Amino acid sequence: MKLTAKLALSQIKTQKGHTIMTVLGIALSSAMLTATAGLVLSTQRAFEIVLGRDSYTPARTAALIAVGCVFATMIIAASVIVVSNAFRMSASERTRQFGILKSVGATKKQIAESVIYEGVFLSVIGIPLGVIAGLLVELFGISVANNSLGYMYESNAFAIDIRLPFAVSPLMFLLAVAVSFVTVILSAWRPARKAANIAAIDAVRAKGEVKIKNARTSKLTAKLFGFEGALAAKSVKRSRRGFRATVVSLTISIVLVMVAGAFSAAMNATIRLAFPVSGITAFAQFSSPIEYTYGDDSELENINYSTIDAHTAEKIIAKLREYNGVRVSGVGMNNITYTVTPPEEMMTDKTRQTGILAHGPTRAILMMVDGGAYAGLCEKAGVPVGSNILLNTLRFTSDRGKTSVFTPYNFAKQTLTLTGNGAPDTEITLDGVLSSDEIPAEMLSFGQAALMILVPRTDANVYHWYTNAKDSTGFAEYAKSVMAENIGSDKGLPGYYHVSDIATFKLQQETIAGTVMFFVYGFVGMLALIALTSVISTISTNLRARRREFAVLRSVGMTSDGIRKMLNLESVISSARSLLYGLPIGLLCAYGLYSGMRLAAEIPFRVPWLAVAGCVVGIFSITWVTMRFAASRTRKSNLIETIRREGV
Amino acid sequence: MMSILQVKDLTKIYGEGPTSVVALNGVSFRVDKGEFLAIVGASGSGKSTLMHLIGGVDRATAGSVTIDGHDIFKLNESEMAIFRRRNIGIIYQFYNLIPTLTAEENIMLPRLIDNRKPDADKLRSILETIGLSDRAKHLPSELSGGQQQRVSIGRALINDPAIILADEPTGNLDSRSSREVIDLLKLSNKKYHQTLIVITHDENIAIQADRILIISDGNILRDEEASQ
């Protein structure tokens, strides 16, 4: 074997911990690349099975490959940043060796070669492991995807039964192995060139990369944390390189976790937006056909529509309740018959600012709820049953697309004149008021607009029956038959009906969301793991390189407790620093992601506090545990031996 | 007689401007083939700088170093590396062996780097000379300081270099090992007619040399034949 290869091999053999971590990093990266290639292939096969081969097949395949390339690029970028840390640490450990080699006449090329050989050997172990793991990941991913695809098919959400087959091909293996290998060599490249460029004279003195700067620490540090604290701050400041590797990897993990956290929050918000009324599993709706007739001068002459009265609505409620005695509530509204011009003094400042009521009369929406619910609302408003209650809420979306909910009116007991459209005008007295948060969500599912008044009874052109029945699918079937029996021109109630199985639909949405989240978290989680392998190996290499420093400190009388305290503080400092970089970057990325998703759905931006908290706790514990573990190993070494052996 | 080493107006200045330090101030001398030269000076006198410049691991500010007819500063970096491996043997105070290679492999290092076939006879001869025939397969950590230094002498000898540079070769050894190392260096000087330049502040070594160069503040203070 060539000498350069041999020296690389012995470095790998002697620095076992470092080697294991680097191999793990390489294996994870190649596992991700293999899984990505595998999933692209199996999706392509699935398309071929379902759609057959046609003239669009090449285009579809190209699109899939493009998606795969995007993911692969992310994986390669993260891996190169992270794995190159490992090579940098290893190369700086070998600085002295390189110096000796140079002084006996090794060329730059030979030094670089030796670092690259390390990469080659680590690849030989890491990549096959990674490919096997990648196949397992592919298998697992496919089974998760198929599980939800199967459910979608069975619950009639998808018309076709599409499943992903487990697919492998020689080309895929070749590609995964080649790309993984290129990733490793890319990672080793810069550290190798750096090692080659070290001046022989510096290398022999083993100064190498470590440029010692005079670090000043504030008196406050010393006062707060003692001598050990000042020493910790100094070592972090002085050997920036060693710590920077750790901080970079930790920062990457933080950003990844934050983005995934924000993504999952945004997905959940989107689902909540689609299903604002919680607890409802199904609903049935009656709605009237509306016919407008216009006169010669194209003025509205007549509106023709049908209505459901309180009595019929209650009758249907009773009928629906017969299904296993489930709870059913009803909300109806009439938003056709009357318009109203609210008096100027009734409007709040906010209403005036928006100008929504400035253009003449607005719709007067009369609402009714089932008897039980009405009594409850009267009590809430503090008025006797039989009163008219102002529903004092308005949802307003500005031209810029910003939505706000506010209180539109100053309530006072007063009588308003409602203008009838093709019906006689009428007067209505407002007896009580309910504010936004007092109004049940069901009542607002029609929208929040104009002037809404809850009345004891009215003729509704739209009526909703809600249930929280557990068996939403069964209820929906039953409700359909009830609707069919009662609604229709031949049954004396002309109109349309519609029954919606919300729970199942929601479950379908959540299944899709869950599957997407699984892949997002899986992807991000594995990338974060790659970063962690580097954190562990850089911290432990850094500590090993400082064995002599510890031995000297102990020889001048620093206790083990003192050293431990110093290391604890160092891990706190590097954790805090990575949080300092990672959290703002992560938040920024999360905001970017939210801005993208906002294009599709109106969701509020929330700081992913859970992810933030997870990062803080996770980062501190990881660095602390790693430091302690690495330190406990260095402590075992003999003091005098260490000082002597490393003596330069 | 032809000079194997010719140092001319060699100057080395570290740093720039008002904080610069003149380590060597236009030093010139010659060394003949087979000569044993001791360079003596207090710490900070510039003797290590001189050694690094002759060894080609550092570049001079001005002046030239000619070894065996080659002006080494005219070589580019990889030419220098190849020149060094074939023509200069360096011995350090702290042995500088590669801990993961055996004594034998450390001795062969300049040849291995050169991708040349290990010469078994030469190796055997060197191992005998340095008295480590029975320890050839040991790792540096299994050898005493004196033994490790002998390995590094073996490494310096393996390629029959034009010159051997030794930087405080006994600085880290007890008196018995020191004597052994010096005897070995003298032996190689006599036996292989090896040119030997030893940097030291140990008078016991200096008086054994053919010639002593005393350096102070970057200048040659005295250049005298030893009074043997």
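Student: Hi! Let's start with chain A. How many helices and strands does chain A have?

Tutor: Hi! Chain A has 19 helices and 15 strands. Keep in mind that this is a predicted model.

Student: Is chain A compact or spread out?

Tutor: Chain A is more spread out than a compact globule, because its radius of gyration is 35 Å, well over the 26 Å that the globule rule gives for 648 residues. Its C-alpha atoms fill a box of roughly 110 × 70 × 50 Å along the principal axes.

Student: Which domains is chain A divided into?

Tutor: Domain 1 covers 1-209, domain 2 is made of 216-275 + 505-648, and domain 3 covers 282-504. The centres of domain 1 and domain 3 of chain A are separated by 61 Å, taken over C-alpha atoms.

Student: And what share of the residues in chain A is buried?

Tutor: Buried residues make up 39% of the 648 in chain A. As for contacts in chain A with a separation of 6 or more, 84% of them join residues 24 or more positions apart.

Student: What about confidence? What is the average pLDDT of chain A?

Tutor: The average is 82, and 90% of the residues score at least 70. Among the elements of chain A, helix 6 (residues 170-197) has the highest mean pLDDT, 92, while helix 19 (residues 639-645) has the lowest, 58.

Student: Where in chain A does pLDDT stay under 50?

Tutor: Over residues 206-213 of chain A. The model has 17 contacts beyond four places in sequence for those residues.

Student: Let's zoom in. How many residues of strand 2 of chain A are buried?

Tutor: Zero of its five residues, so strand 2 (residues 290-294) of chain A is hardly covered, with buried meaning 20 or more other C-beta atoms within 10 Å.

Student: Which strand is strand 2 of chain A joined to?

Tutor: Strand 3 (residues 300-305) of chain A, through five bridges, and the two run antiparallel. A:Y294 stands opposite A:L300 in strand 3. The two strands form a hairpin with five residues between them, and A:S298 in the turn has a positive phi of about 45°.

Student: Remind me, what do strands of a sheet pair through?

Tutor: Strands of a sheet pair through backbone hydrogen bonds, either parallel or antiparallel.

Student: Over to chain B. In what order do the four strands of its open sheet lie?

Tutor: The order is 2-1-4-5, and the pairing is antiparallel. Strand 2 (21-32) and strand 5 (70-71) of chain B are the edge strands, each pairing on one side only. Strand 1 (residues 3-14) and strand 4 (residues 62-67) of chain B are joined by five bridges. B:T11 has B:A62 in strand 4 of chain B as its bridge partner.

Student: I clicked on B:I153. Where is it?

Tutor: B:I153 is in helix 5 (residues 145-157) of chain B. B:I153 is buried, because 25 other C-beta atoms lie within 10 Å.

Student: Which residues does B:I153 touch?

Tutor: Leaving out residues up to four places away in sequence, B:I153 touches B:I91, B:I130, B:V181, B:L184 and B:L185. B:V181 is 28 residues from B:I153 in sequence, and their C-alpha atoms are 8.4 Å apart.

Student: One more spot. What is phi of B:E168 near?

Tutor: Phi of B:E168 is near 45°, a positive value in a residue other than glycine. B:E168 lies in the loop between strand 7 (163-167) and helix 6 (175-191) of chain B. B:E168 counts as buried, because it has 21 C-beta neighbours inside 10 Å.

Student: And B:D217, what is its phi?

Tutor: B:D217 has a positive phi of about 50°, although B:D217 is not a glycine. B:D217 lies in the loop between strand 9 (211-216) and strand 10 (219-225) of chain B. With 14 other C-beta atoms within 10 Å, B:D217 is partly exposed.

Note on methods. Residues numbered from 1 in each chain as written. Chains lettered and ligands numbered in written order. Predicted model: local features only at pLDDT ≥ 70, side-chain atom pairs only at ≥ 80, totals over all residues. Buried ≥ 20, exposed ≤ 12 C-beta atoms within 10 Å, placed from the backbone. Contact = placed C-beta atoms within 7 Å. Pairing = 2+ DSSP bridges. Rg over C-alpha atoms; globule rule 2.2 N^0.38 Å. pLDDT = per-residue confidence, 0-100. Domains from an automatic or database assignment.
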